[in-house]
Amino acid sequence: MTVLRALAFNLYFLLLTIVMGIVAFPIRLFAPRLALGYAKLWTGLTLRGLRHICGIAVEVSGREHLPHGPCLLACQHQSMFDTLVWMNLVPLPTYVMKRELERIPLVGPMLRLSGMIPVDRDGKARALRTLLAATDDAARKGRQIIIFPEGTRTPPGAPISLQPGIAALSAHTGLPVIPVATDAGLHWGRNALVKRPGTIHIAIGRPLPPGLRRAQLLPAIGGAWRSLCADNGLPMPATDAPSTTIQSSNS
């Protein structure tokens, strides 16, 4: 039954994306200001389908730690679910995403219109300058910036290996960094066609102390994730893996 439900959801998601992608053409041409609201509608319908078809609910704790204005949300990344759910959890979401997502037919063109920030992970210094400029613009507009410091989807309980992009954004913008832990991978795994029923938990932590340098910030994020996992019964990450030098981005 779980497999059949997952197949039904995958079909629902595909058809929803195609239909809404086609209907989005007038928005792209004549009303780009409506792109974010339209994207929120798409993700909201997707998550509603996930709940009703696959029996996967979402429980969020720590909402009181979210500021009303701009911030950096340093989120664990275990599933495609993570790239959807924040569209409806904060008022003005902006994902830092890999540039390849812009090439997805129908969906890709709407990403930039809705305020997402594409990153060329091979662009090095030039890509970082572009990222910082786009982040400045998002902060001026009061947007909540979602970044996955691991740089790729990581199974629950895997070692923490953080990319330094979050440190560059924090130092440049001075925005509060808010750690977020999840167990999404238990129900919607990396590249998994099967979705397991149950409740996905999202635990939002207190903002980290301001002014942390890279050598302090990355361990602070990892430590906050562990504390959130311990306090909320989520899979505890294994011993940290060495951090690398690749720019942070969604995958």
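The model discussed here is predicted.

Lys-141 forms a salt bridge with Asp-137, and their closest N and O atoms are 3.1 Å apart. Asp-137 also meets the side chain of Arg-140 in a salt bridge, at 3.6 Å from N to O. Arg-140 and Asp-137 lie 3 residues apart in helix H6 (residues 124-140), so about one helical turn separates them. Arg-140 is exposed because its relative accessibility is 65%, whereas Asp-137, at 30%, is partly exposed.

## Other salt bridges

In total the structure holds 4 salt bridges. One of them joins the side chains of Arg-99 and Glu-102, with an N to O distance of 3.3 Å. Both side chains belong to residues that are partly exposed: Arg-99 has a relative accessible area of 28%, and Glu-102 has 22%. A network of salt bridges links Arg-99, Glu-102 and Arg-112.

## Nonpolar cores

The largest nonpolar core contains 41 residues, and Leu-50, Leu-73, Phe-81, Trp-86 and Ile-202 have the most contacts inside it. Elements giving two or more residues to this core include H1, helix H3 (35-54), strand S2 (71-75) and strand S7 (198-204). H3 supplies the largest share, 8 residues. Another core, of 24 residues, lies apart from this one; Ala-74, Ala-138, Leu-175 and Leu-208 are among its members.

Leaving aside residues up to four places away in sequence, Ile-202 touches Val-58, Glu-59, Val-60, Ser-61, Phe-81, Val-85, Trp-86, Leu-89, Val-180, Ala-181 and Thr-182.

## Aromatic pairs

There are 5 aromatic pairs. In one of them, Tyr-95 and Phe-148 are tilted, with 6.3 Å between centres and 40° between the planes. This pair links distant parts of the chain, since Tyr-95 is in strand S3 and Phe-148 is in the loop between strand S5 (144-147) and helix H7 (165-173), 53 residues apart. Tyr-95 counts as buried at 3% relative accessibility, and Phe-148 is buried at 0%.

One aromatic cluster is formed by Phe-9, Tyr-12, Phe-13, Trp-42 and Trp-188.

## A nonpolar surface patch

On the surface, Met-1, Val-3, Leu-4, Leu-7, Leu-193 and Val-194 form a nonpolar patch with about 630 Å² of accessible area together. Val-3 is located in helix H1 (residues 2-23) and is partly exposed, because its relative accessibility is 48%.

Notes. Residues numbered from 1 in each chain as written. Predicted model: local features only at pLDDT ≥ 70, side-chain atom pairs only at ≥ 80, totals over all residues. Heavy atoms only, no water. Patch = residues over 30% accessible without salt bridge, like charges linked within 9 Å, V, L, I, M, F, W, Y side chains within 5 Å. Areas by Shrake-Rupley, 256 points an atom, 1.4 Å probe, with all protein chains shown as cover. Helix = DSSP H or I, 4+ residues; strand = E, 2+ residues; numbered from the N terminus. Buried < 20%, exposed > 50% of the residue type's maximum accessible area, 1.4 Å probe, protein only. Core = buried A, V, L, I, M, F, W, Y, C linked by side-chain atoms within 4.5 Å. Contact = heavy atoms within 4.5 Å. Phe/Tyr/Trp six-rings, centres within 6.5 Å; stacked < 30°, edge-to-face > 60°.
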